[in-house]
Amino acid sequence: MALDLASLASVRAFATAFLSSEPRLDILIHNAGISSCGGTREPFNLLLRVNHIGPFLLTHLLLPRLKTCAPSRVVVVSSAAHQRGRLDFTRLDRPVVGWRQELRAYADSKLANVLFARELATQLEGTGVTCFAAHPGEACLFGCSALL
């Protein structure tokens with residue numbers, strides 16, 4: 001199935017198609033990511049949308065199926081770059097220009113991933129759906145409780 005995480009309409013269409021054709025969802029792994037920006041017509045910079053907002057929306061649209069299929073899990077692939085992230089909610093709509101802003105936007109998107117995974121793990125406690133954030137440079141997955 002086609003999915004363009006830069007387009008929230010595509011994310012919604014994918015979720016609808018998936019839910020109508022697939023009876024099970026045991027694991028959802030968010031591993032998409034970009035590190036440079038381009039132009040866009042939708043709100044939020046392209047980097048944040050592909051790395052965080054698209055997967056965030058997809059998770060919420062598929063969450064009922066994950067709960068029905070429990071035990072299940074959500075794995076969010078992040079990056080050690082999250083440690084340099086500083087979310088400034090007043091800047092999320094601004095264009096990202098130049099390599100320094102791209103690095104910052106990338107780190108911010110990965111911080112958003114980690115914060116999302118931690119909060120989702122808390123909200124899903126006791127449902128049979130577990131949530132983890134993973135650094136691709138590590139050999140194992142870290143449960144959200146192990147993250148700072």
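Select L47. With a relative accessible area of 0%, L47 is buried (buried means under 20% relative accessible area, exposed over 50%, partly exposed in between, with a 1.4 Å probe and protein chains only). L47 lies in helix α2. A6 and L47 are 41 residues apart along the chain, and their C-alpha atoms are separated by 8.3 Å.

Before the next stop, a word on the model. It is a predicted model: local features need pLDDT of at least 70, side-chain atom pairs count only at pLDDT 80 or more, and totals for chains, interfaces and linings use all residues. Residues are numbered from 1 along each chain as its sequence is written, and side-chain values use heavy atoms, with hydrogens and water left out.

Zoom out to the whole chain. The protein chain has three helices and four strands. Here helices (H or I, at least four residues) and strands (E, at least two) are DSSP runs, numbered from the N terminus. The order from the N terminus on is α-β-α-β-α-β-β. Of the 148 residues, 43% count as buried. Among contacts with a separation of 6 or more, 71% come from residues 24 or more positions apart; contact means heavy atoms within 4.5 Å.

Next, select residues 8–21 and 46–68. These are helix α1 and helix α2, which pack at an angle of about 30 degrees with their axes 10 Å apart. Axes are lines fitted to C-alpha atoms, for helices over the stretch in contact, and angles run from 0 to 180 degrees between N-to-C directions. That angle makes α1 roughly parallel to α2 (under 35 degrees counts as roughly parallel, over 145 as roughly antiparallel, 65 to 115 as roughly perpendicular and the rest as oblique).

Which residues make the contact? From α1, show L8, V11, R12, F14, A15, F18 and L19. From α2, show R49, I53, G54, L57, L58, L61, L62 and R65. By class, this contact has 11 nonpolar, one polar and three charged residues. Ala, Val, Leu, Ile, Met, Phe, Trp, Tyr, Cys and Pro count as nonpolar, Asp, Glu, Lys and Arg as charged, and the others, Gly among them, as polar.

Move to residues 27–30, strand β1. Click I27. I27 is partly exposed, with a relative accessible area of 42%. Leaving out residues up to four places away in sequence, I27 touches R73 and V75.

Four bridges join β1 to β2, and the two run parallel. Strands pair if DSSP finds at least two bridges between them. What stands opposite I29 in β2? V75 does.

Stay in β2 and pick S72. Is S72 buried or exposed? S72 counts as buried, at 5% relative accessibility. Not counting residues up to four places away in sequence, S72 touches L25, D26, L66, G128, V129 and T130.

Last stop: P71, in the loop between α2 and β2. Most peptide bonds are trans. A cis peptide bond joins A70 and P71, with omega about 10 degrees.
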